[in-house]
Amino acid sequence: MGMKILVLALFALAYNLIFGYVGLLAFGHAAFYGASAYVTAHAAAAWGLPTELCILLGVMVATAIGALFGWLAIRRQGLYFAMITLALAQIIYFYAVQAPWTHGEDGIQSVPRGMLFGVIDLSNTLNMYYVTLAVFLAGFAFIYRIIHSPFGQTLKSIRENEPRAISLGYSTDRFKLIAFTLSAMLSGVAGGLKAIIFQLASLADVFFMTSADVLLMTLIGGVGTLLGPVVGAAVLVTLQRELATLGAWVVVVQGIIFVLCVLFLRKGIIGTLEEFLANRAERKAQQTADHTEAATKITAAQ
């Protein structure tokens, strides 16, 4: 469960990069996640390549698909952008259904974990967990660096007021394409890692519901927050585990929870918490200023 949370948290962080910091609502991130999972699994199971090379191949394929999809989609905005990404992702899904090397509904099973760098035995669950944690922390640090860089500030300006950013001389389409490609790359890292951890790549990885789940994780945790996607992933995985006995009703319960979050936690768990703490700090600062002003008046009167 811990490794699943870490993988999905990395996936959600990748999605939040374009949704939370660029303002691009995409419905096709399962294409990058699933494509990387399939390529990684096939390279390990059929070609017997080293684990690190398998994941690298998956990430390269996901990045290439992301660059292509981004180039085709970023010329549109809003609902049109979302529908284009969904349509493109469905192409990947139907390819996975038809291609012989993906094994259709059976998927690629019994993927060997192998040895990382020829030293670390990934068949050991504890070793696999620590490797997953290290990759997640590296991805988190990468996202943090992007957000707090001049590039990240430009992305935020595009989200807030794209015409203004254009008037300042920024090529907003180029920035959005770079961000979209980076998001696809990180999604590929999560997908490749998932194939090694669970030793499986299946149609569920490229299915529309995977894109919906990553959107749900981001919204529950908090759009445009650094820790929000991580919290959202933990909440969603925990719900799926605890509600597993409900069968098909799990989706209905998830939908109800999503609606409640939208109604009562519009900024997500972390976003609402940050707003509450900021308001409390502001009230304390105002009270301190009022007390200081009152004390000054009393002193002056004396």
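**A walk around Lys194**

Lys194 lies in helix α8, which covers residues 172–198. Helices here are DSSP runs of H or I with at least four residues, numbered from the N terminus.

Before we go on, a word on the ground rules. This is a predicted model, where local features need pLDDT of at least 70, side-chain atom pairs count only at pLDDT 80 or more, and totals for chains, interfaces and linings use all residues. Residues are numbered from 1 along each chain as its sequence is written, and side-chain values use heavy atoms, with hydrogens and water left out.

So, is Lys194 buried or exposed? Lys194 counts as buried, because its relative accessibility is 8% and buried means under 20% relative accessible area, with exposed over 50% and partly exposed in between, using a 1.4 Å probe and protein chains only.

Contact means heavy atoms within 4.5 Å. And look at Ser36: 158 residues separate Lys194 and Ser36 along the chain, yet their C-alpha atoms are 9.3 Å apart.

Next, please find Thr40 in helix α2, residues 30–45. Thr40 is buried, with a relative accessible area of 0%. A polar atom of its side chain lies 3.3 Å from the backbone oxygen of Cys54. Beyond four places in sequence, the contacts of Thr40 include Gly58, Gly192, Ala195 and Ile196.

Which residues have the most contacts inside the largest nonpolar core? They are Phe32, Phe69 and Met128, in a core of 83 residues. Helix α1, residues 2–19, gives the most to this core, with 15 residues. A nonpolar core is a set of buried Ala, Val, Leu, Ile, Met, Phe, Trp, Tyr and Cys residues joined through side-chain atoms within 4.5 Å.

Last stop: Val252, found in helix α11, residues 249–264. Val252 is partly exposed, with a relative accessible area of 39%.

Technical notes:
Helices (H or I, at least four residues) and strands (E, at least two) are DSSP runs, numbered from the N terminus. A polar contact is a pair of N or O atoms within 3.5 Å; within protein, one must be able to donate a hydrogen and the other to accept it, and residues adjacent in sequence count only if both atoms are side-chain atoms.
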